[in-house]
There are 2 protein chains.
Amino acid sequence: MTDLRFARDDLKTLAQTLLTRAGLDPEMAEVVAELLIRTDELGVTTHGISMVPYYLPELKSGNMTASGEHEVVRDNKVTMVWDGNYLPGHWLMSQALDLCIERAGTFGMAALALRRSHHIGCLSTFTSMAADRGFVCYIATSDPSGKWVAPFGGTEPLFTPNPWAVGYPGDGHPVLIDTCSSITTVSKVREHINKGTQFDHPWMLDANGEATTDPAVVNATPKGSILPVGGMDHGHKGYATGLMIEMMTQALAGHGRAEAPTRWGGNVFVQVFDPEAFGGSAPFLREVGALNDACRKNRPIPGLPSVRVPGDRAHENVTRSQTEGVRLPDEVWTRVAASAAEFDVSLPGPVGA
Amino acid sequence: MTDLRFARDDLKTLAQTLLTRAGLDPEMAEVVAELLIRTDELGVTTHGISMVPYYLPELKSGNMTASGEHEVVRDNKVTMVWDGNYLPGHWLMSQALDLCIERAGTFGMAALALRRSHHIGCLSTFTSMAADRGFVCYIATSDPSGKWVAPFGGTEPLFTPNPWAVGYPGDGHPVLIDTCSSITTVSKVREHINKGTQFDHPWMLDANGEATTDPAVVNATPKGSILPVGGMDHGHKGYATGLMIEMMTQALAGHGRAEAPTRWGGNVFVQVFDPEAFGGSAPFLREVGALNDACRKNRPIPGLPSVRVPGDRAHENVTRSQTEGVRLPDEVWTRVAASAAEFDVSLPGPVGA
């Protein structure tokens, strides 16, 4: 089967209705649904409406808090700490981002460490919103309840993959970097396990310290792990990034592995910079434009396509979504449809069907 | 021959005298010499007094500015931009760091983008000074005149290795992360070329886009390059870090590759965070301590030593330097001795000789 395309408003209504039926505050459900569909528009379909089937049981169990407010632990104007009380990450991050942008507009930059959020989804969804408004936005996240990546030289999973992203204004559309500190992600590991397939490269580490292509080592006893960026060859570099992100998201937030939480959650560090408060927006765009241009014109490795700048493909996806509807992989639609059946919500038809 | 050890004051006097004889302002020479010797004490002997033989001709040619002041391009209190006028990087960074620490103490965090500095040396030398005072310090640097690393998927060198470092208070001694966006460094490439040796792994890329262990591809026509972190396997991750650092050090500073400078220089982004203005210093140390402890206790890969936290070895080196003198590799001493002969400066004897 080929992937289906849907009207964005239909998908948003579907996500919003499902989240509301599972008990989420209607205002929060609207924001979460909007951000999930924007994520699908960017082409990151692993983190769009496909998350709804995972969020619904979290709402029903109370692991995702369905209403109420975050706690402002510290507001120092330029630096802030919030306790998210496990409210939906999209809801918390939407407000955190707006506040950081406002403060960066006043002070030149601002940062917020958010502890005890629920899952925040796709980082580029947020960084692209800041970049569209002319700001540089850095986001890193970890889950102090998760253990998937061992410190380099060790064998016991300790860190989460610790994703980080940065978005900034570019020539025509934003640059959107969105990556993580491990070679691959938990989603990819689960996907291979579900399909019964192996990685093409030895990106996993078994509990004996041997690199392997087998994703199932994470379910073995004792558990294996995902290798940090750099793998067996130069994995101290991924370990370094992972450590830094644990520090920024947990130590600066004053909550983390020391408290040994067991609930699915996210700690986040978000920082916004105003180029106007540094060397100015026009010189900023001149430098970014020159560099992007040099990257795209760089002679490609024979047999490979032109060099891309991160964000180029997302821009194409957004543009195509606007004209052709939002693409969803079949596998995602199957899971969303199952949730809709469970909550007795009617499904929209695909575009052009 | 075995490495030699020297009294730190003897080495500092030697570096200071050499720099002064080559024309550097005496006050600047004192600061540069002090920071170079601290770098040797950390054990980073590639970036300590060993840099003096490279700086002397730069001073004589005028490529390193020997006196005068930097220009304050922007002072927005929390965000700053300086034009370094190619003054010694250690001198500029020493002042930039003090100012960022002072501002972070007031506002919670502060950042400075420095353009047109000369070489700033070892990043950990600066981050350790901030960490010793209780602050988190992030530093990234690029040289917009240098081209060594191709964007992932491309074959033409475009970026510098773009080092980055973060230092922060830890349990007993600071955590000192100091790494870069390429798999290996220009220094290591030159070292292999000088020795006629190859890398153990395919960390280089020839101009045809083939990975190779041969460092000499950087001198071929057309030029090869150093692979980004992740190599052929997942080098888009190192490319992402490299792009971000070019943006922070050049676009935010309003000067970079768009101006196509040709002079050996450094653009720097330095940011200082006060943990007290986030979740508090005590919770910060609790989280860092718990994580470091978990890393060090992680069961090592069979045959490998205990897992280390970055900064552990530097701490051992500093402690040993204080009791046994500062260790210098023979190769470094030979080059420094040649400079001393050229400038008619007498050499100190090694400790215990």
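A crossing of two helices is left-handed if the near helix is turned anticlockwise from the far one by less than a right angle, and right-handed if clockwise. The model is predicted, so local features need pLDDT of at least 70 and side-chain atom pairs count only at pLDDT 80 or more, whereas totals for chains, interfaces and linings use all residues. Residues are numbered from 1 along each chain as its sequence is written, with chains lettered from A and ligands numbered from 1 in the order in which they are written.

**Exercise 1. Describe how helix H8 of chain A passes helix H9 of chain B.**

Solution. Begin with the elements: helices (H or I, at least four residues) and strands (E, at least two) are DSSP runs, numbered from the N terminus. Axes are lines fitted to C-alpha atoms, for helices over the stretch in contact, with angles from 0 to 180 degrees between N-to-C directions. On that basis, the axes of H8 (residues 236–251) of chain A and H9 (residues 281–297) of chain B come within 9 Å and cross at roughly 145°, and the crossing of H8(A) with H9(B) is right-handed. Next, list the residues in contact (C-beta atoms, placed from the backbone, within 7 Å): H8(A) supplies A:Glu246, A:Met247, A:Gln250 and A:Ala251, while H9(B) supplies B:Phe284, B:Glu287, B:Val288 and B:Leu291. Finally, sort them by class, where Ala, Val, Leu, Ile, Met, Phe, Trp, Tyr, Cys and Pro count as nonpolar, Asp, Glu, Lys and Arg as charged, and the others, Gly among them, as polar; the result is 5 nonpolar, 1 polar and 2 charged.

**Exercise 2. Characterise the side of chain B that touches chain A.**

Solution. Count the residues: chain B and chain A each bring 68 residues to the contact. Then look at the elements of chain B that give two or more residues, among them strand E4 (109–117), strand E6 (163–168) and helix H7 (231–234); H9(B) gives the most, with 9 residues. By class, this side of chain B has 40 nonpolar, 19 polar and 9 charged residues. Since 100% of the interface residues of chain B are also interface residues in chain A, the copies meet through the same surface.

**Exercise 3. Determine the relation between chain B and chain A.**

Solution. Superpose the copies by least squares on the C-alpha atoms of residues with pLDDT of at least 70 in both. In chain B, the C-alpha of B:Gly230 is nearest the axis, at 2.4 Å from it.

Methods
Contact = placed C-beta atoms within 7 Å.
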